[in-house]
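Work through each task before reading its solution.

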Amino acid sequence: MENDLKKRMIGTSKIEYKKVSSILTKATGFMNTYDFTLNPYSGCSFGCTYCYAAFFSKSEQLKSNWGHWVHVKENALDLLIKFRKKPLYGKTIYMSSVTDPYMPIEKDLMLTRDLLKELAEFHQPRLVIQTRSPLVTRDIDLLKQFISVQVNMTITTDSEDVRKVFEPLCPSNATRMKAIKEVNDSGIDSCITMTPLLPIENAEQFASNLKSTGVKNFIVQPFHSERGKFVRGTRDSALHIIKKMEWSLDEYKRVESILVKHIPEIRIGKKGFKPI
Ligand code: SF4
């Protein structure tokens, strides 16, 4: 990695560069229908208030400071190159499960892009990319080289006010909608993931806007739950907002039913995430 690219801060995020022992993680839990997850970074400067990935932080300090630190896996490409001996052809890879592969640092570092180049040229896995960033459009040229790839764009609400409360450091809803349309228009399989679905101002209009992107795949689900409860696994800061906004499971279900009425092909919950 070039020294001049070794930035120490991006926005409010402190950037550190770390060597890791592995780059592919056997997928378990919510992602257990995949073979591997691939996270080019640890931490995430998008810092969504509800992000369950914060719970996987290595210390309480990192957990409480979620959204303000990023660890760049500086040997990620070297580790992936080692798999050329046993290519990942046909393996299902989810990129990424506990970070966003297109957060702002990626614009300069192009680590995700380097990993995609390696995967396209030497492996051809069945790849799903999950992001909240329009930066994914930069790599359309590379994504077109995959036999099997899908880009999932997370769009959680139709309201910028709601988005700013839950996802203050993320790109706007409109830029995400425009980006996934561009990806889809380029011929790459695309999906809009409303995961988690946040309070919606106008469900009918939202459904119409979603359909107008031309995207054919949609997934919706409520906040991550555990043992049947609505909000377990969601961070305290989001729990507080959920309560304040009176975003109950009943209200979620009401909006979900409107979305399903307008977009019958919409998939609900974990089964929607199964590999392509
Ligand atoms: S973009 Fe994803 S990984 Fe990053 S904070 Fe938001 S939910 Fe977590």
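**Exercise 1. The surroundings of the ligand**

Which residues surround the ligand? The model is a predicted one.

*Solution.* Begin with the list of neighbours: Cys 44, Phe 46, Gly 47, Cys 48, Cys 51, Trp 66, Thr 99, Asp 100 and Arg 132 surround the ligand. Next, sort this shell by class: five of its residues are nonpolar, two are polar and two are charged. Finally, locate the site as a whole: the ligand sits in the largest cavity.

**Exercise 2. Two aromatic pairs**

Determine the geometry of the pair formed by Phe 30 and Phe 273, then that of the pair Tyr 34 and Tyr 94.

*Solution.* A pair of aromatic rings is described by the distance of the centres and the angle of the planes. The structure holds five aromatic pairs. In the pair of Phe 30 and Phe 273, the centres are 5.5 Å apart and the planes stand at 65°, an edge-to-face arrangement. This pair links distant parts of the chain: Phe 30 belongs to the loop between β3 and β4, Phe 273 to the segment after β12, and 243 residues separate them. Phe 30 counts as partly exposed because its relative accessibility is 25%. Phe 273 has a relative accessibility of 5% and therefore counts as buried.

For Tyr 34 and Tyr 94, the ring centres lie 5.2 Å apart with the planes at 65°; the cut-off for edge-to-face is over 60 degrees, so this pair is edge-to-face.

**Exercise 3. Backbone details**

Where in the chain do the cis peptide bonds from Met 95 to Ser 96 and between Thr 195 and Pro 196 lie?

*Solution.* The bond from Met 95 to Ser 96 has omega near 20°, and Ser 96 is placed in the loop between β7 and α3. For the bond joining Thr 195 and Pro 196, omega is about 0°; Pro 196 is found in the loop between β10 and α8.

Methods. Residues are numbered from 1 along each chain as its sequence is written. This is a predicted model: local features need pLDDT of at least 70, side-chain atom pairs count only at pLDDT 80 or more; totals for chains, interfaces and linings use all residues. Side-chain values use heavy atoms; hydrogens and water are left out. A residue is near a molecule or strand if one of its heavy atoms lies within 4 Å of it. On a 1 Å grid over the protein atoms alone, a cavity is a set of points where a 1.4 Å probe fits but cannot get out, and a pocket is an open set with protein on both sides within 12 Å along at least five of seven lines; lining residues have an atom within 4 Å of a point. A molecule sits in a cavity or pocket if more than half of its atoms lie within 2 Å of its grid points. Ala, Val, Leu, Ile, Met, Phe, Trp, Tyr, Cys and Pro count as nonpolar, Asp, Glu, Lys and Arg as charged, and the others, Gly among them, as polar. Rings of Phe, Tyr and Trp (its six-membered ring) pair if their centres lie within 6.5 Å; planes under 30 degrees apart count as stacked, over 60 as edge-to-face and the rest as tilted. Helices (H or I, at least four residues) and strands (E, at least two) are DSSP runs, numbered from the N terminus. Buried means under 20% relative accessible area, exposed over 50%, partly exposed in between (1.4 Å probe, protein chains only).
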